[in-house]
Amino acid sequence: MRENRTEMSEDDERATDLGGGGAVVVEASSNKTRSFGGNGGGGLGVGIGGVVDYCPSPYPDQVLENVLENVLLFLTSRRDRNSVSLVCKSWYRAEALTRTDLFIGNCYAVSPRRAIERFQRVRSLVLKGKPRFADFSLVPPNWGAHFFPWVSAMAAAYPWLEKVHLKRMSVTDDNLTLLAHSFPGFKELVLVCCDGFSTAGLAAVAKCRQLRVLDLIDDEVIEDDVDWISCFPEPVTCLESLIFDCVESPVNFEALERLVARSPSLRRLKLNRHVNLVQLQRLMVRVPQLTHLGTGSFSTLDNPAQVDQEPDLSAFATCKSLVCLSGFRDIVPDYLSAIYPVCSRLTSLNFSYANINAEQLKSVIRYCHNLQTLWVLDSVCDEGLQAVAATCKELRELRVFPIDAREDGEAAVSEVGLLAISEGCSKLRSILYFCQQMTNAAVVAMSRNCPELMVFRLCIMGRHRPDHLTGEPMDEGFGAIVMNCKKLTRLAVSGLLSDKAFSYIGEYGKLIRTLSVAFAGDSDMGLTYVLKGCPKLQKLEIRDSPFGNSALLSGLHHYYNMRFLWMSTCKLTLEGCKEVAQRMPHLVVEVIGDRDECDTGDAIDKLYMYRSLDGPRADAPPFVMIL
Amino acid sequence: MERTVTYENDLNLKATELRLGLPGTDDSDKQTPSGVRSNKRTLSETTEECRSKSNSGTSDARNDDTETAPAAKAQVVGWPPIRSYRKNSFQPKKTEAEAAGIYVKVSMDGAPYLRKIDLKSYKGYPELLKALENMFKFTIGQYSEREGYNGSDYAPTYEDKDGDWMLVGDVPWEMFISSCKRLRIMKGSEARGLGSYV
């Protein structure tokens, strides 16, 4: 069987071979052969798992299936593919055989074995694990989302695997070594918010001869002394992208320089904070073709030998293709002028680790007419945001992070900044805005000025904080957002909110897929409005809000359509959760206790539930109770 | 300003405790059934105001404080929702440096023992010199580039990274604190000699 499938996959590459002569490889077990005698097409085998048969000459329906497979090769959207697979059994099988990009939004929704059985020719895997609130320490360590069962199953089943993209998974060095050894054509590894591995694992991956992409984004990499930078192939690498700004351990700079010199395809490079400006300049002269650059430490302080040497930063001017700039750790603002020559070409600028003030931002932003993505710290103040609004007319995405991430911290940006942005950047699609104070008026204004908004995430850092001018809850502001922003798919709310806000969300948020709620609402009605009103809701994460069992039960009609529901420190009890588990057999209902023990008593603290084809997971730690 | 209050169920301190908020708003009575966890609140004024305003159901928003030590700042776990990697990018490096400080020994000619000071705790030369004067009970003269410290028997000097003894005040402050290894307050003819060379 296996050999046939391998051959099939090679045949598939020859997309133009539409069943002429020779060995026509056909999906023989169509509906027709199995039901009621059919019309003789397809020869022998009837196999539910997709038996392959060879026929000397094509029957009409087999030609059709061949055509289908070849057409499906062009279908890349997974939503379209899901629809295709629902048409009929033969389309289901054809789709399964031609799906090369496998996306699994919740690693526990399906077992590796089942996924591999259905999709046999996968080249690329995207796998997501822990719920997002794990980023904020709400999920105890060792909760799960281990990469091991997946990598070991795939090692056997997908020899042609090329790309793995993991988010919030636990990955060990052994997993990475297995990965590197099992897939000879391995090309891309992207790890986002993962943990459990060290530089030793990176060294193993670096040795993959075909490696094009190694992107480590916001991971927690265990510090180790392994010189992984020296492990990339000689004499030349295929590297296109190397991102390691989250790796805390110092890197061997000479090896890095040699690596960059022997990577002619390198376009994206993001360094960690152990590379300073003087070293950066040496790297940049070797890769003038860079499109994405993450500077390391934007200073020379770590370089005592060169403490008096001013870095020659003209290298920036030679990078004519730079469109994305980030990094700027430990920034010495005096050196900012080095980037002026590239600003007008930039489409993406990430200053979210740069403690710069309004003036310093202005000196840069005035050149950035083409900017589409901007991440900054609130150190730039409302004034800085006003400058952004004045210049960046093409802005699509803005994120404003707090330098002082405390509830009672200094208010650096406010409704003034938000209003200015809304007035200047009408094409805005996505905003994440941390602030200490806000008004409904500014939020309403944004809802009117930015009709393209798809993502609106406002975090008023003080819990339960009302409109600071009127003292009113923030209901009307968020209400206006859901009402006026017709394309809204993601919403995060904050501030003082009553059930009214949720009634607005339920009434108008018809496209919302992701909703984040914290310290909001008055009663069960709040959650009920949302569960009953938002048909597209897929990801719902709630913390510290007074929603109880009856609200939980109001969503039973919808939970199978959702990827997950997270509720922590709400008013749920074991009773309520058990009832849900009982009535929804394909839902895995996890009650998560503290790291050492399960919740005792009736009230539960953390509920995480998700649909699954394979029932409760076998790797649940002792503090997780699966109902 | 006192922001943290720790309630201890056993002692029922909350009955006698002073806090902000209207009388009758008791927003800390919801304990977990297991009852052992202490309930921490941030008593910032705004949160109290809005709790009094929106009294109904929000009052039992419990702080999930399983990871913070008691009587520490009552920050709620995971709030504001910033990844710790990002949060730590600013704090620890700063506090690390601040905690480390730049401690250098200070000797004074004729004094029986040495002292140690943290150069980082001073913003510039005037502060440093004043502190030295207080510490050793002497007066330093007027500094001039040409003549060093005029009008006193003492001259503050330091040993730099290269092992050379330099007069305090010649180089910019930042450069000074990064290159200074120890301080010595010279006295008498030696000190005067130094001044007359400059």
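Ser422(A) sits in helix 16 of chain A, where helices (H or I, at least four residues) and strands (E, at least two) are DSSP runs numbered from the N terminus. With a relative accessible area of 1%, Ser422(A) is buried; buried means under 20% relative accessible area, exposed over 50%, and partly exposed in between (1.4 Å probe, protein chains only). A polar atom of the Ser422(A) side chain lies 2.7 Å from the backbone oxygen of Leu419(A). Leaving aside residues up to four places away in sequence, Ser422(A) touches Ala445(A), Met446(A), Asn449(A) and Cys450(A), a contact being heavy atoms within 4.5 Å.

Before going further, please keep in mind that this is a predicted model, in which local features need pLDDT of at least 70 and side-chain atom pairs count only at pLDDT 80 or more, while totals for chains, interfaces and linings use all residues. Residues are numbered from 1 along each chain as its sequence is written, chains are lettered from A and ligands numbered from 1 in the order in which they are written, and side-chain values use heavy atoms, with hydrogens and water left out.

How do the axes of helix 15 and helix 16 of chain A cross? Helix 15 (residues 381-391) and helix 16 (residues 415-424) of chain A have axes that come within 8 Å and cross at roughly 0°. The axes are lines fitted to C-alpha atoms, for helices over the stretch in contact, and angles run from 0 to 180 degrees between N-to-C directions. Helix 15 and helix 16 of chain A are therefore roughly parallel to each other (angles under 35 degrees count as roughly parallel, over 145 as roughly antiparallel, 65 to 115 as roughly perpendicular and the rest as oblique). From helix 15 of chain A, Asp382(A), Leu385(A), Gln386(A), Val388(A) and Ala389(A) meet Val416(A), Gly417(A), Ala420(A), Ile421(A) and Gly424(A) of helix 16 of chain A. Sorted by class, this contact has six nonpolar, three polar and one charged residues. Here Ala, Val, Leu, Ile, Met, Phe, Trp, Tyr, Cys and Pro count as nonpolar, Asp, Glu, Lys and Arg as charged, and the others, Gly among them, as polar.

Next come the charged pairs. Over all chains there are 32 salt bridges, each a side-chain nitrogen of Lys or Arg within 4 Å of a carboxyl oxygen of Asp or Glu. Three of these pairs are listed here.

| Arg83(B) | Asp135(A) | 3.0 Å |

Arg83(B) forms a salt bridge with Asp135(A). That pair crosses between chains, from the loop between helix 2 (55-58) and helix 3 (84-88) of chain B to the loop between strand 4 (124-128) and helix 7 (148-157) of chain A. At 27% relative accessibility Arg83(B) counts as partly exposed, whereas Asp135(A), at 13%, counts as buried. Within chain A, Arg406(A) is partly exposed at 29% relative accessibility, and Asp404(A) is buried at 16%. Arg81(A), Glu95(A), Arg99(A) and Arg118(A) are linked in a network of salt bridges.

A few backbone details deserve a look. The peptide bond between Glu234(A) and Pro235(A) is cis, with omega about -10°, and Pro235(A) is in the loop between strand 9 and strand 10 (241-243) of chain A. In chain B, the bond from Trp79(B) to Pro80(B) is cis, with omega near -10°; Pro80(B) belongs to the loop between helix 2 and helix 3 of chain B. Arg168(A), not a glycine, has a positive phi of about 55° and counts as buried at 9% relative accessibility.

Finally, the whole chains. Chain A has 22 helices and 25 strands, and buried residues make up 58% of its 627 residues. Chain B has seven helices and nine strands, and 43% of its 198 residues count as buried.

Notes: Polar contact = N/O pair within 3.5 Å; in protein donor to acceptor, adjacent residues only side chain to side chain.
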